[in-house]
Amino acid sequence: MIMDIIIVAISVIILLFIIIGGYTFFAACGRKKEYPWTDLKAMAKIPAYTSYCHVIEGSLQWLATHSPREISVTSKDGLTLYAYWIPANNAKGTILLAHGYRSTMLVDFGKVLDMYHTQGINLLLPFQRCHGKSEGKFITFGDKESQDMQCWLSYHNEKLCRCPVVLSGLSMGASTVMYMLDQSLPDNVKAAIVDCGFTSPAEIIGKVFTDTTHLPSGLFIRIADVFARIFAHFSLYAKDTRQSLSKNTLPILMIHGKSDDFVPCQMSIDGFRVCTGDKKLILVDGAGHGLSYLKGQPEYLDAILDILDKLN
């Protein structure tokens, strides 16, 4: 009788762990209804974005006056992905910008689009898979997104122009870019700019899990990884920015806000320590997640301009 109770109790515990691990995967990676990014009145009612409505409004106005061309590619796993292409007059290069997790170019790059464009830089602005018009059921935290960026590079070089390219990303977009740095890249890719990227899918999901539940994440993330392999065909442990950065050959600017409570600043510090090649790290006092550009001028701007000078 006692043994039966023990077996039932163990079975219930195992089932509970599986349920929590599965929920963690679907909550972190599954596609969800997006914020109404272009509806400023609706966005103003969302506490997390109330203070950023002016950034979104500025992005919308800037894009409207520059008539972005919508383009598309097919990913390696058959998804149709979309982007905006905004060429500059007498362009000296292109910047390929990867936005962050459940975000948009309107928020992540709203304050820098004009700066890049006035510097004579073409803008290639993808909607990451599972975001915006781009297809996809699951976000892979930079794993398959880094392959998608390769597709955009091929499209750029074959159908748009063969000018020098800078890779740039914020948050998940930064990790997406860093995961590319140990891959074979076209020879016109000249530099990278990465802002507040995380080390690996497993570590950032585990960090958020612990912050939310106050439970140790290890076993739950291992179970979530099984769901990731089955449903999204990737592993939460397959990518790590430290491994990619240790093989980097591009000039790279790394940025992180010291007050980032979502992606720990230490993740960029750890990556910078093992990064090879020409590198610079800017840690911005008082900047939260993704807010370094707003807090760190002019140091942030000067460092970006130094990177753009490498296109000459």
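Let's begin with a term: a residue is called buried under 20% relative accessible area, exposed over 50%, and partly exposed in between, using a 1.4 Å probe and protein chains only. What you're looking at is a predicted model, where local features need pLDDT of at least 70, side-chain atom pairs count only at pLDDT 80 or more, and totals for chains, interfaces and linings use all residues. Residues are numbered from 1 along each chain as its sequence is written, and side-chain values use heavy atoms, with hydrogens and water left out.

Start with the rings. There are 18 aromatic pairs here. One of them joins Phe25 and Phe26, with 4.8 Å between the centres and 65° between the planes, so this pair is edge-to-face. (Rings of Phe, Tyr and Trp, the last by its six-membered ring, pair if their centres lie within 6.5 Å; planes under 30 degrees apart are stacked, over 60 edge-to-face, and the rest tilted.) Phe25 is buried at 2% relative accessibility, while Phe26, at 34%, is partly exposed.

Now for the salt bridges, meaning a side-chain nitrogen of Lys or Arg within 4 Å of a carboxyl oxygen of Asp or Glu. The structure has twelve of them. Take Asp148 and Arg129, whose closest N and O atoms are 2.7 Å apart. Asp148 sits in helix H6 (residues 143-160) and Arg129 in the loop between strand E4 (121-126) and H6, so their bridge ties together parts 19 residues apart in sequence. (Helices, H or I with at least four residues, and strands, E with at least two, are DSSP runs numbered from the N terminus.) Asp148 and Arg129 are both buried.

Next, look at Arg162 and Asp187, another salt bridge, with 2.7 Å between the closest N and O atoms. Arg162 is in the loop between H6 and strand E5 (165-170), and Asp187 is in the loop between helix H7 (172-179) and strand E6 (189-195), so this bridge links parts 25 residues apart in sequence. Asp187 counts as exposed because its relative accessibility is 60%.

Asp270 is partly exposed at 23%, whereas Arg273 is exposed at 61%. Elsewhere, salt bridges with shared partners join Asp77, Arg129, Lys144 and Asp148 into one network.
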